[in-house]
Amino acid sequence: MKLLLIEDENHLAKDISHYLNSKDVHCEWANNFEIALEKINAYDYDCVLLDLTLPDSNGMDILKAIKKQQKNEGIIIISAKDTLESRLEGLALGADDYLTKPFHLSELLARVQAIIRRKQFSGNNVLVFNEIEIDTFAKTVKVNQENIDLTKKEFDLLLYLIGNKNRVLSKSSLAEHLSGDMADMLDNHDFVYAHIKNLKRKLQNAGAGDYIKTIYGTGYKWEA
Amino acid sequence: MGSINQAKTQKLLNQTLRGYLLFSVLILLISMPFAYFLMQKLHLDDIDEALFLRKKEFQAYHLPTFRLSEISQWNKYNRDTKLIDTLKIPQKDSLFFQSFYDELDKEVEPYRVLFVPVEIEKKPFLLLIKHNLIENEDLIFNILGLYAGLLLFLLLGLLGLTQYFSKRLWQPFYQTLQQIETFELGKTAAPNFEQTQTEEFERLNTVLQNLIEKSISIFQNQKEFIENAAHELQTPLAVLQAKLDVFLQMPDLSQTQMQALDSLYDLLARLNRLNKNLLLLSKIDKQIFHTLENIKLKEVIENQISFFEEQALQKNITLIINNLENKWVQANLTLIEILISNLLLNAIRHNHENGKISISLSHQKLIISNTGQANALPANKLFQRFAKIDTSTQGNGLGLAIIKKIADLYGWEVAYTFENELHVFEVVFE
């Protein structure tokens with residue numbers, strides 16, 4: 001899987017590519033409009049991460065330029081601009097998702113995976129992890145071919161954990177994933193613990209392995 | 001303007017008029033007796049002069065040829081000039097007031113009398129010349145009446161004219177006053193004062209215009225500063241968050257390191273919240289949330305309730321939903337969601353373990369009450385930015401300021417009361 005990150009903030013770009021890079025994900029980086037366009041012309045990407053504010057161009061122009069190529073990559077806008085207008089404009093121009101800075105890298109990875117799932121496996125939305133089978137379209141989970149009953153939050157949590165497998169997730173990143181913008185308003189993120197506990201219990205009761213590890217009571221990890 | 005002062009204040013115009021009126025009435029009252037006496041004196045002088053003239057006439061035309069035998073005849077035909085034979089004859093001419101009985105009117109009437117010693121055929125006589133004062137009194141009163149009428153007329157004219165001129169003269173002032181009264185910093189445009197011919201008002205308008213423009217520009221700068229600062233903070237916050245996320249992936253982190261990271265995440269979340277709230281406030285100021293729609297408040301509350309129930313559960317707080325009426329409002333949905341979630345989060349945040357929160361919605365108001373600290377909160381500080389009342393919680397002091405701002409936007413009122421150990425927040429519609 002190939003990603004192109006268009007971002008002028010070097011520190012952020014480095015950390016994003018560091019987090020996203022893995023065995024099956026390769027992340028390239030362009031820090032201005034010119035390089036970005038060159039790369040898009042030369043290669044095919046599965047997903048483009050686009051910062052709207054670049055020194056030499058308006059991000060929306062890049063979006064138009066990418067769309068002109070008529071390739072099938074997914075596009076996620078990552079922007080500090082958080083207005084309904086810029087969100088709508090971005091989506092109208094053909095972006096698939098819009099993520100406001102600051103965001104958790106785990107959230108970004110989950111969004112990338114969701115888009116790639118949508119783009120690549122049209123019709124077939126089943127994600128398999130050992131004995132666990134997740135139908136992302138029907139929102140059902142099977143363990144050893146047996147359906148298990150999860151709440152919407154537990155389902156989201158499972159998908160998020162597996163998407164970020166072998167990475168430690170902070171409570172605040174899980175809280176944000178589960179409650180969206182509301183997470184910012186919350187004093188503490190302890191409610192995450194209850195959901196994790198329930199998910200863990202349901203998976204184990206169905207005979208799945210104990211993949212969810214608690215790291216010193218503050219973070220969580222799906223260990224493969 | 002406070003309502004207490006208002007009862008005592010009077011219009012400028014009325015105050016000036018009252019001064020004029022008092023002065024005029026005073027002058028009128030003082031001048032009336034004075035004018036009466038003056039006029040009486042003038043008139044008496046006139047009568048006396050006439051009496052002396054008649055004496056002169058008598059002495060010139062009648063006396064040289066007058067005979068004693070003619071006296072009875074003369075007295076018979078002259079009512080007001082008589083010759084009297086008496087012993088009490090003064091040495092020189094003398095004037096008196098004397099009353100005589102009038103045969104015609106059958107009453108005693110006042111007269112002005114001139115006694116003149118005369119000699120007819122070497123025999124001394126008293127010449128009596130008199131003038132009836134009754135008609136003269138009438139005349140004086142008529143004149144005085146006319147005088148009073150004139151004065152009154154003058155006064156009324158003066159009043160009317162003052163009123164007219166003052167109104168016209170002060171009109172620019174009242175216009176300016178009205179314009180400043182309706183002006184609200186950050187909400188209405190700067191007032192445009194009309195040009196006036198009066199120098200003082202023109203000066204006032206210029207000074208006000210400058211003052212208002214300066215205030216607007218300072219206000220604008222401040223708003224932009226907050227917005228820019230909050231906006232600029234987003235990138236370093238994003239970098240910081242990404243760094244923490246990467247740091248968290250380091251192998252073999254110790255428990256202390258993990259706990260330190262955890263509190264860094266908490267701090268970062270607070271920083272993010274603060275920044276988002278600041279951005280939200282300036283967005284409301286910039287009227288970014290201008291799209292209105294018809295919103296059923298009950299639905300917004302019900303949609304959010306499960307989220308808050310989950311949050312309340314951690315402190316074992318009971319959420320009681322009372323009667324929710326079908327109240328519709330025309331507002332921006334995002335802002336209404338923020339309003340309600342801020343109210344509920346506040347009720348959870350400042351609550352104690354095993355506390356209670358109750359929500360009710362009528363057509364008039366939305367009431368959210370919660371248990372919490374045992375004393376009332378200082379209502380005057382509550383809705384100000386960064387007025388942290390309860391330092392033990394992680395609120396950033398912007399939640400209520402945002403609630404107030406949203407309510408203000410739609411002309412609603414937010415009220416706080418402390419009743420029966422409950423902190424009650426009300427949003428009163430209309």
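Predicted model: local features only at pLDDT ≥ 70, side-chain atom pairs only at ≥ 80, totals over all residues.
Biologist: How many of the residues of strand 6 of chain A are buried?
Modeller: 6 of its 6 residues. Strand 6 of chain A spans residues 74-79 and is mostly covered.

Biologist: Which strands does strand 6 of chain A pair with in the parallel sense?
Modeller: One is strand 3 of chain A, residues 47-51, over 5 bridges. Another is strand 7 of chain A, residues 97-100, over 4 bridges.

Biologist: What are the bridge partners of I78(A)?
Modeller: I78(A) is the bridge partner of D51(A). In strand 7 of chain A, its partner is L99(A).

Biologist: What is the mean pLDDT of chain A?
Modeller: The mean is 89, and 98% of the residues in chain A reach 70 or more.

Biologist: Where in chain A is confidence lowest, and where is it highest?
Modeller: Lowest is strand 5 of chain A, residues 57-58, at a mean of 80. Highest is strand 10 of chain A, residues 140-143, at 94.

Biologist: New topic, helices. At what angle do helix 6 and helix 8 of chain A cross?
Modeller: Roughly 80°, and their axes come within 10 Å. Helix 6 of chain A covers residues 152-163, and helix 8 of chain A covers 191-205. Angles of 65 to 115 degrees count as roughly perpendicular, so helix 6 of chain A is roughly perpendicular to helix 8 of chain A.

Biologist: Which residues make the contact?
Modeller: From helix 6 of chain A, they are K153(A), E154(A), L157(A) and L158(A). Helix 8 of chain A brings H195(A), I196(A), N198(A), L199(A) and K202(A). By class, the residues of this contact divide into 4 nonpolar, 2 polar and 3 charged.

Biologist: And helix 7 of chain A, how many of its residues are buried?
Modeller: 8 of its 9 residues, and helix 7 of chain A is mostly covered. The buried ones are K171(A), S172(A), S173(A), L174(A), A175(A), E176(A), H177(A) and L178(A).

Biologist: What do those buried residues of helix 7 of chain A pack against?
Modeller: In chain A, they pack against helix 5, helix 6, strand 12, helix 8 and strand 14, which is 219-222. Helix 6 of chain B, 255-285, joins that list.

Biologist: Which residue just after helix 7 of chain A takes a positive phi?
Modeller: G180(A), at about 60°.

Biologist: On to the two chains together. How many residues are in contact?
Modeller: 32 residues of chain A are in contact with 33 residues of chain B.

Biologist: Which element gives the largest share on the chain A side?
Modeller: Helix 1 of chain A, with 6 residues. Helix 1, helix 5, strand 12 and helix 7 of chain A each supply at least two residues to that side. By class, the side of chain A that touches chain B has 14 nonpolar, 10 polar and 8 charged residues.

Biologist: What about chain B, how many helices and strands?
Modeller: 10 helices and 11 strands. Chain B has 430 residues, and buried ones make up 19%.

Biologist: In what order do the strands of the open sheet in chain B run?
Modeller: The order is 6-8-9-11-10, with 5 strands and mixed pairing. Strand 6 (318-324) and strand 10 (413-419) of chain B are the edge strands, each pairing on one side only. Neighbouring strands of this sheet are turned by 15° against each other on average, direction ignored.

Biologist: How many bridges join strand 10 of chain B to strand 11?
Modeller: 7 bridges, and the two strands run antiparallel. Strand 11 of chain B is residues 422-428. There, V428(B) stands opposite E413(B).

Biologist: Which strands does helix 8 of chain B lie across?
Modeller: Strand 8, strand 9 and strand 11 of chain B. Helix 8 of chain B runs at about 15° to strand 9 of chain B.

Biologist: Last one. Why does A407(B) count as buried?
Modeller: Because A407(B) has 20 C-beta neighbours inside 10 Å, and 20 or more is the cut-off. A407(B) is found in helix 10 of chain B, residues 399-409. Not counting residues up to four places away in sequence, A407(B) touches W412(B), E413(B), V414(B) and V427(B).

Conventions: Residues numbered from 1 in each chain as written. Chains lettered and ligands numbered in written order. Pairing = 2+ DSSP bridges. Axes fitted to C-alpha atoms, helices over the stretch in contact; angles between N-to-C directions. Contact = placed C-beta atoms within 7 Å. Nonpolar A, V, L, I, M, F, W, Y, C, P; charged D, E, K, R; others polar. Buried ≥ 20, exposed ≤ 12 C-beta atoms within 10 Å, placed from the backbone. pLDDT = per-residue confidence, 0-100. Parallel < 35°, antiparallel > 145°, perpendicular 65-115°, else oblique.
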